[in-house]
Amino acid sequence: MLNDRRLLCCAELCVGERAADVGTDHGYLPVYLIEKGICSSAVACDINEMPLASARENIARAGLSDKIETVLSDGLDSVPEEGITDVVIAGMGGELIADIIARAEWIKTNRVNLILQPMTKWDHLRRFLHASGFNVIRELPCKEGRFVYSVMQAVYSGAGPEGECSLEYLYGGLVSGDTCEGAEYLERQAMRLEAVGRGIGRDAARSDEAEKYLSAAEALRAKISTE
Ligand SMILES: C[S@@+](CC[C@H](N)C(=O)[O-])C[C@H]1O[C@@H](n2cnc3c(N)ncnc32)[C@H](O)[C@@H]1O
């Protein structure tokens, strides 16, 4: 039984037949995807043998060894691309997620559905996706324990980037402020923008730049529409 809100949101954004879970750790997500009939097969991969062994054990316990392949792989480097419709990369930093995507050109060619959940550097990841021709089509905010995250769904569109991303977008993405989790995510991101803005603002020569962070924080707060 999967009860991690973060991983449940990842599962909600899977749309295809065969998912690859990069950095699977315990393998709970691919097991859930098959048990719920969301995908018919999956690949569970990890860069480390220990988590992969634990995934293999959980997959076998669920009786799904014939449906879920386990692969020792740095990112997607050793994952056979054939038939993969969805790639989930969750629980890692935004820079590492971007690097894993950049190394797998077939994600673009095959128009793979990406489900991405960065723990840090969400701004780096959003900027990378935008600059590389990926469209973020949906974002789900989710609260797990004390923390609130955003899970992004993105697909390569092939269109060149139009302009630069705003600070408001880099921090808040497509998260809507009309649910408690969305509101909490936007408030958290607004506080981060303010902290950066105040830091920059200590240098009088950078007051214009600081003002941009503070305005972006206000713009995120303006999206919050819960009671
Ligand atoms: C914090 S766990 C996240 C597990 C699960 N995806 C989740 O979100 O709950 C990170 C996992 O990613 C694996 N990992 C780290 N870097 C990786 C890479 N470059 N390629 C594949 N797996 C990696 C680690 O071994 C670890 O099992």
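These entries record what I looked up in the structure, from the domains to the ligand.

**Entry 1: Basis.** I worked from a predicted model, in which local features need pLDDT of at least 70 and side-chain atom pairs count only at pLDDT 80 or more, while totals for chains, interfaces and linings use all residues. I number residues from 1 along each chain as its sequence is written.

**Entry 2: Domains.** I noted that the protein chain is assigned domain 1 (5-161) and domain 2 (166-227); such bounds come from an automatic or database domain assignment. The contact between them takes 12 residues from domain 1 and 12 residues from domain 2, where two residues are in contact if their C-beta atoms, placed from the backbone, lie within 7 Å. On the side of domain 1 that touches domain 2, I found that helix 6 (122-131), strand 6 (134-144) and strand 7 (147-156) each give two or more residues. Helices (H or I, at least four residues) and strands (E, at least two) are DSSP runs numbered from the N terminus. Strand 6 gives the most to this side of domain 1, with six residues. I then sorted this side of domain 1 by class and recorded five nonpolar, one polar and six charged residues. In this scheme Ala, Val, Leu, Ile, Met, Phe, Trp, Tyr, Cys and Pro count as nonpolar, Asp, Glu, Lys and Arg as charged, and the others, Gly among them, as polar. The C-alpha centres of domain 1 and domain 2 lie 27 Å apart.

Entry 3: I traced an open sheet of seven strands in the order 3-2-1-4-5-7-6, with mixed pairing; two strands pair if DSSP finds at least two bridges between them. Strand 3 (68-72) and strand 6 are the edge strands, each pairing on one side only. I looked next at strand 6 and strand 7, which run antiparallel and are joined by 10 bridges. One of the partner pairs I checked is Lys143 with Val148 in strand 7. The hairpin of these strands has two residues between them, and there Gly145 takes a positive phi near 65°. Strand 4 (residues 86-92) and strand 5 (residues 113-118) pair in the parallel sense over six bridges. Here I found Val88 opposite Ile115 in strand 5.

**Entry 4: Helices.** I examined helix 4 (residues 94-102) and helix 6, whose axes come within 7 Å and cross at roughly 25°. Axes are lines fitted to C-alpha atoms, for helices over the stretch in contact, and angles run from 0 to 180 degrees between N-to-C directions. Helix 4 and helix 6 are therefore roughly parallel to each other, as angles under 35 degrees count as such. Gly94, Glu95, Ile97 and Ala98 of helix 4 meet Trp122, His124, Leu125 and Phe128 of helix 6. I also saw helix 8 (residues 180-201) lying across strand 6 and strand 7, at about 100° to strand 6.

**Entry 5: Ligand.** I listed 14 residues around the ligand, the closest being Gly23, Asp25, Ile47, Ala90 and Gly91; a residue is near a molecule if its C-beta atom, placed from the backbone, lies within 6 Å of it. Strand 4 gives the most to this shell, with three residues. By class, I recorded six nonpolar, five polar and three charged residues in the shell.

How values were computed
Angles under 35 degrees count as roughly parallel, over 145 as roughly antiparallel, 65 to 115 as roughly perpendicular and the rest as oblique.
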